[in-house]
Amino acid sequence: DIHGSSAMVRGVDATNKTQSGGRISRLNKFQTRAQAISNATRAIHERDKRVAAAQRELRSREDAQAAARLARHSGYDPKGSLLSDGEAAALADRRRREAKAAKAARFLAEAERAAALLESDCDGGGGANGDGAASDAATDGSEAATPPAPLHAVRCAAPLPELLTVIVTTSPLPRHPCSRLLDEIVRSVHRHCAGAASCRLLLVADGYVEVRGESAYKRGRVPSDVAAAYESHKQALRAAISAGAAPYRTAELLEQPRHQGFSWSVCRALRAVQTPFVLVVQHDRPLMRDVPIGPLLEAMASLPRLEHVSLPTGRTLQYERQTYAKYAIPLDGSDVAAHGLRFLPLLAFLDSTHFAATHAYLALMRRHRLRRGDFTEDSLGQAQLAEIRTRGLSAHGRYGTWVLDDGDERVMVSHLDGRDSRALDKFAPARPCPIAPPQRQRR
């Protein structure tokens, strides 16, 4: 019994030593891990302090540079002391007052011009001076036209040709010299926009660059046979315009000497416009149903913030649902209703068929400095979308882009592939092309 008790005691002691050793080992590991976490936390804290110090230094440097620019702009010696907060606030306030005064002066000048225009109209005159001489002088030897009347002076009861100019852009396509695609696009405008057939039509033919290698039609790089066919297409357009043939009875052809792109082509046409509104159409965008053109122009004239109004396409049907699903931006309460129509904020400029206020379009082009070869929706539109996604709908006002919602679930504007020889047959199969496109050999 004594020996058994001793053995039992020794076993208990061994077990206790083993358990104690395990607890000590786990404690050591825990302490090591805690020390490592503490060191990492301290390192992160030190790094955050360095980053904060660097940010403070950067902000201080930027503030100093901004103050220096402000001092230079206000006539102070840039090498002298910077403006104090009070001086900077006073200067900013003075600048705001000067800007408001300049804006009021411009508004007064526009009102005086509009009053003169209305007075001449009431006297029965045909143009700004009663005999159309102002219009002739504005276009004599130059594309620069008389500035359109401001929107607050627009009378939508006037004939449509005095309110609207139609701009159609075109460029080289494999289907040229056949002009049937462009013919059908213009006819669709005349068919679905009541009165548009009597409006001035500006056809802007973009230029191109001949290449021997791979072609890129969007960048104006085309092979020599396509370039020759395009020249034949333009020659046919000149002949149709000179003869006054339908649908080009009111058309003028503006030819770009080199490739300029959609944005610059539209800008060139805008400089020749004399009406307060324009309808911009691409050569592959036919209208599919009637446009409520009267109420639409009335709404744009009464609400100047409707600067650009895109017509419904497949991309903009159910636009509220699309924007919320794709960008999580609700449009509830941001729509505008006028003259029986509804307008939704368009988050990104679209090149597809759209109405616009001429003066606002020109201002938009000047403000954003689009480059040669740009499509407006690829440059300005993406910048607009990024700004709205960052700042919210408060950033939308400076762009003035809207999409029409007339309550019809059908598309108003379709798209035809200009490089598909059979695409037009699905749209207007009754009219054969008078000129067959050349057959190209496979390489």
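Tutor: The side chains of Glu255 and Arg238 meet in a salt bridge, with an N to O distance of 2.8 Å. Glu255 belongs to strand S5 (residues 251-255) and Arg238 to helix H5 (residues 224-243), so this pair ties together parts that are 17 residues apart in sequence. Please keep in mind that the model is predicted.

Student: What is the general idea behind such a pair?

Tutor: Side chains of opposite charge can pair when their charged atoms come close. In this structure there are 15 salt bridges.

Student: Are Glu255 and Arg238 buried, exposed or partly exposed?

Tutor: Glu255 is partly exposed, its relative accessible area being 28%. Arg238 also counts as partly exposed, at 26% relative accessibility.

Student: Which residue does Asp335 meet in a salt bridge?

Tutor: The side chain of Asp335 meets that of Arg342, at 2.9 Å from N to O. Asp335 is partly exposed at 28% relative accessibility, and Arg342 is partly exposed at 24%.

Student: Where in the chain do Arg398 and Glu387 lie, and how is their contact described?

Tutor: Their side chains form a salt bridge with an N to O distance of 3.0 Å. Arg398 sits in the loop between helix H10 (376-391) and strand S11 (401-405), whereas Glu387 is in helix H10; the pair links distant parts of the chain, 11 residues apart.

Student: Which residues do salt bridges with shared partners join into one network?

Tutor: Glu231, Lys234, Arg238 and Glu255 are joined in this way.

Student: Let us turn to strands. How do side chains alternate in a regular strand?

Tutor: In a regular strand the side chains alternate between the two faces of the sheet. Strand S2 (residues 200-205) gives a case: Arg200, Leu202 and Val204 point one way, Leu201, Leu203 and Ala205 point the other way, and all are buried. The strand is mostly covered, with 6 of its 6 residues buried.

Student: Which strands pair with S2, and in what sense do they run?

Tutor: Strand S1 (residues 164-170) is joined to S2 by 6 bridges, and the two run parallel. In this pairing, Ile167 stands opposite Leu202. S2 also pairs with S5 in the parallel sense, over 5 bridges, and there Leu203 stands opposite Leu253.

Student: How many helices and strands does the protein chain have, and what part of its residues is buried?

Tutor: The protein chain has 11 helices and 11 strands. Of its 443 residues, 40% count as buried. Its accessible surface comes to about 25,000 Å², and 53% of that belongs to carbon and sulfur atoms.

Student: What do the contacts show about separation in sequence?

Tutor: Among contacts between residues at least 6 apart in sequence, 78% join residues at least 24 apart.

Definitions and conventions:
Residues are numbered from 1 along each chain as its sequence is written. This is a predicted model: local features need pLDDT of at least 70, side-chain atom pairs count only at pLDDT 80 or more; totals for chains, interfaces and linings use all residues. Side-chain values use heavy atoms; hydrogens and water are left out. A salt bridge is a side-chain nitrogen of Lys or Arg within 4 Å of a carboxyl oxygen of Asp or Glu. Helices (H or I, at least four residues) and strands (E, at least two) are DSSP runs, numbered from the N terminus. Buried means under 20% relative accessible area, exposed over 50%, partly exposed in between (1.4 Å probe, protein chains only). Two strands pair if DSSP finds at least two bridges between them. Contact means heavy atoms within 4.5 Å. Accessible areas come from the Shrake-Rupley method with a 1.4 Å probe; for residues, only the protein chains shown count as cover.
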